[in-house]
Amino acid sequence: MHREFADAGFSVLAVDVRNDRSGTEAFYSEFGFEVPNVFDTRNVAVAQYGVSATPTTYLVDEEGRIVYRRYGYLPGEELRLREQIASLLER
Amino acid sequence: MGNRSQSTVPVRIAALLVAALLLPGCQGMDRLEPDRFIEVGSDAANDERGTLLDATSSSEFGSGGRLTEEIAGRWLRQIEGADAAERLQLAAQFLREYPGAEVISYLHELVGDAYSEVGQPLPAAEAWERAIAMSWPAPDVLELPLTNVQLPYQVGWARYESGDAVVSAEWLTRATFISDRPQLEQGLRFLHSELGAPGGSFAEWHAQERASMAVLAPDFELPGFQSDSVRFSDAASRLTLINFWTPT
């Protein structure tokens, strides 16, 4: 999705809630991830957003407004998220 | 987490444990049954619904009598199995004997269901609103429940049935921030018509309503994996996805 919608102005920021750089490196290497990742080892963003479990995903528009949130993961979730992103980018 | 006082955390977790044991399966729209959650900042043991912070640290809660998870579970099962009228009586009795049960989101949900069944939408909406406020995991920056995402939808329709289409539209609009179910748009189109088509077209009105309720994404700056640090506002674009995750 990161690559698919990049030209339309879509970006991703991954917030890793554990300080496990080796695990992140391995994951990125294994799956060929390219998206920017930050480490929230002191729960700074976690507290700001009130996130209590992962995965939790927010979509934020260009004016900085949260326009959508998904919590958790179910098989096929990525398809619904892709539809949501495509719809928001069409507006 | 957040601004929640530490002392209420075990209480709410115990409430969640009770609810997790007793919650029925999916009830209509969008109740997620996450299969690989972990709690942020905790290494406590997992169960099938996720890792619970200090899940074993509280075996009692409530400001009245000693209310163990076992007792609460027994009460909730009894309330859940009763018909609507009896359910309301049992819930009131439960709260009289154990005022601490006030924190159990699922109790309020059951009470809301019962009021709805007996044709009293206003107290149903109020009970469901309490269920949202008491829900665990706690509502996030959007102040909307994380798991039981059909509750705002239910509140919205109960508010409509109690004669307040404006508040109904507000709840349904809020629900669109956490659910993409088509019933929401259908309901909002109906309410837009009922309200006399304010704000021009449905699309214009809906966009205005959403904009008025939108929550600004908090900015943060954190150490980066690929760079020294990243400020969210600098990394943001036309549409930005923030994904809280952990490598597994």
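This is a predicted model: local features need pLDDT of at least 70, side-chain atom pairs count only at pLDDT 80 or more; totals for chains, interfaces and linings use all residues.

Which residue takes a positive phi in the hairpin of β4(A) and β5(A)? The residue is Gly64(A), with phi near 80°, in a hairpin that has three residues between the strands.

The peptide bond between Thr54(A) and Pro55(A) is cis, with omega about 0°.

Six strands make up an open sheet of mixed pairing, in the order β2(A)-β1(A)-β9(B)-β4(A)-β5(A)-β6(B). Which strands stand at the edges? They are β2 (37-39) of chain A and β6 (215-216) of chain B; each has a single partner strand, so one side of each is left without a neighbour in the sheet.

Strand β1 (residues 10-16) of chain A and strand β9 (residues 239-245) of chain B run parallel, joined by seven bridges. Here Ser11(A) is set opposite Thr240(B) in β9(B). Helix α3 (residues 77-90) of chain A packs on the sheet, where it touches β1, β4 (56-61) and β5 (65-71) of chain A as well as β9 of chain B. The direction of this helix makes about 170° with that of β5(A).

The pairing of β9(B) with β4(A) is antiparallel and extends over six bridges. In that pairing, Leu59(A) lies opposite Leu241(B) in β9(B). Finally, β5(A) and β6(B) are antiparallel, with two bridges between them, and Ile66(A) is placed opposite Val215(B) in β6(B).

How many residues does the contact between the chains take from each? It takes 54 residues from chain A and 48 residues from chain B. On the side of chain B that touches chain A, the elements giving two or more residues are β1 (38-39), β6, β7 (221-223), α10 (232-235) and β9 of chain B. The largest share of that side comes from β9(B), with seven residues. By residue class, the side of chain B that touches chain A divides into 33 nonpolar, 10 polar and five charged residues.

Next, the chains themselves. Chain A contains three helices and five strands, which follow the pattern β-α-β-α-β-β-β-α along the sequence. Its C-alpha trace spans about 40 × 30 × 25 Å along the principal axes. Of its 91 residues, 38% count as buried. Chain B has 10 helices and nine strands, and 42% of its 248 residues count as buried. Considering contacts with a separation of 6 or more, residues 24 or more positions apart account for 35% in chain A and for 55% in chain B.

Helix α2 (residues 69-81) of chain B has 13 residues and reaches 18 Å from its first C-alpha to its last, close to the 18 Å expected at 1.5 Å a residue. Its buried residues are Ala72(B), Trp75(B), Leu76(B) and Ile79(B). They cover an arc of only 95° around the axis, which puts them on the same side of α2(B). On the other side of α2(B), the exposed residues are Glu70(B) and Gly81(B).

I close with two backbone details in chain B. Glu143(B), in the loop between α5 (121-133) and α6 (151-161) of chain B, has a positive phi near 60° although it is not a glycine. This residue counts as exposed because it has 12 C-beta neighbours inside 10 Å. Ala197(B), in the loop between α8 (182-194) and α9 (202-213) of chain B, is a residue other than glycine with a positive phi near 55°. Ala197(B) is exposed, with 12 other C-beta atoms within 10 Å.

Key
Residues are numbered from 1 along each chain as its sequence is written. Chains are lettered from A and ligands numbered from 1 in the order in which they are written. Helices (H or I, at least four residues) and strands (E, at least two) are DSSP runs, numbered from the N terminus. The expected span of a helix is 1.5 Å times one less than its number of residues. A residue is buried if 20 or more other C-beta atoms lie within 10 Å of its own, exposed if 12 or fewer, and partly exposed in between; C-beta atoms are placed from the backbone. The arc is that of the directions from the helix axis to the C-beta atoms. Two strands pair if DSSP finds at least two bridges between them. Two residues are in contact if their C-beta atoms, placed from the backbone, lie within 7 Å. Axes are lines fitted to C-alpha atoms, for helices over the stretch in contact, and angles run from 0 to 180 degrees between N-to-C directions. Ala, Val, Leu, Ile, Met, Phe, Trp, Tyr, Cys and Pro count as nonpolar, Asp, Glu, Lys and Arg as charged, and the others, Gly among them, as polar.
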